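I opened my notebook to see what I could look up in this model. Here are my entries, in the order I made them.

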Amino acid sequence: MTEERTITCVIDGKTFRYPEGTTYQDIARDHQQPDKPAVALVRANGKLRELFRKAEDGAKIEFVDLSTKIGQNTYVRSLLLLMLKAIYYEAGDNRLIDKIGVHFVVSGGFYCTMTGRAELTESFLERVKNRM
């Protein structure tokens, strides 16, 4: 029988052991408090890390949640990437889109443009919205 390799992480001054290969998402899930905003990132040894990354052995971890400016910006970035993925999916053929631009904030939303042969219609935008 082989011994499972583990890593240690320090969170709020306490040491925790996890199987090698554990992601920051798994660790955040273990420490998420139901009455607190969702964790968006971690700061491991002072560096911001995305949750899908594997945790480093010996890392001192701080959670960055959606109540912080960094957490909010991360959430917005994720939604923009999700929107771009949905646009390309609904266009059906990436060659139909030359360029998608996210330019600036307008009234709490983003001003975006799309160039190419894909037809930008209300129906297309509704499909993108539903895909997201």
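I looked up F104 to start: its relative accessibility is 44%, so F104 counts as partly exposed (buried is under 20% relative accessible area, exposed over 50%, partly exposed in between, with a 1.4 Å probe and protein chains only). A note on the ground rules: this is a predicted model, where local features need pLDDT of at least 70 and side-chain atom pairs count only at pLDDT 80 or more, while totals for chains, interfaces and linings use all residues. Residues are numbered from 1 along each chain as its sequence is written, and side-chain values use heavy atoms, with hydrogens and water left out.

Next I searched for aromatic pairs and found one. (Rings of Phe, Tyr and Trp, the last by its six-membered ring, pair if their centres lie within 6.5 Å; planes under 30 degrees apart count as stacked, over 60 as edge-to-face and the rest as tilted.) F104 and Y111 have ring centres 5.1 Å apart and planes at 15 degrees, so I wrote them down as stacked. Y111 is partly exposed too, at 41%.

Which residues form a nonpolar patch on the surface? I listed Y75, V76, L79, L82, V102, V105, F110 and M132, with about 660 Å² of accessible area together. (Patch residues have over 30% relative accessible area and no salt bridge; like charges are joined within 9 Å, and nonpolar side chains, meaning Val, Leu, Ile, Met, Phe, Trp and Tyr, within 5 Å. Areas come from the Shrake-Rupley method with a 1.4 Å probe, and for residues only the protein chains shown count as cover.) Helix 2 (69–91) and strand 6 (97–106) each give two or more residues, and helix 2 gives the most, with four. (Helices, H or I of at least four residues, and strands, E of at least two, are DSSP runs numbered from the N terminus.) V102 sits in strand 6 and is partly exposed at 35%.

Then I counted salt bridges, where a side-chain nitrogen of Lys or Arg is within 4 Å of a carboxyl oxygen of Asp or Glu. The count is eight. One of them joins R5 and E20 at 3.4 Å, N to O. This pair links distant parts of the chain, 15 residues apart: R5 lies before strand 1 (6–11), and E20 lies in the loop between strand 2 and helix 1 (24–31). R5 is exposed at 58%, whereas E20 is partly exposed at 48%.

I also noted R95 with D93, whose closest N and O atoms are 3.0 Å apart.
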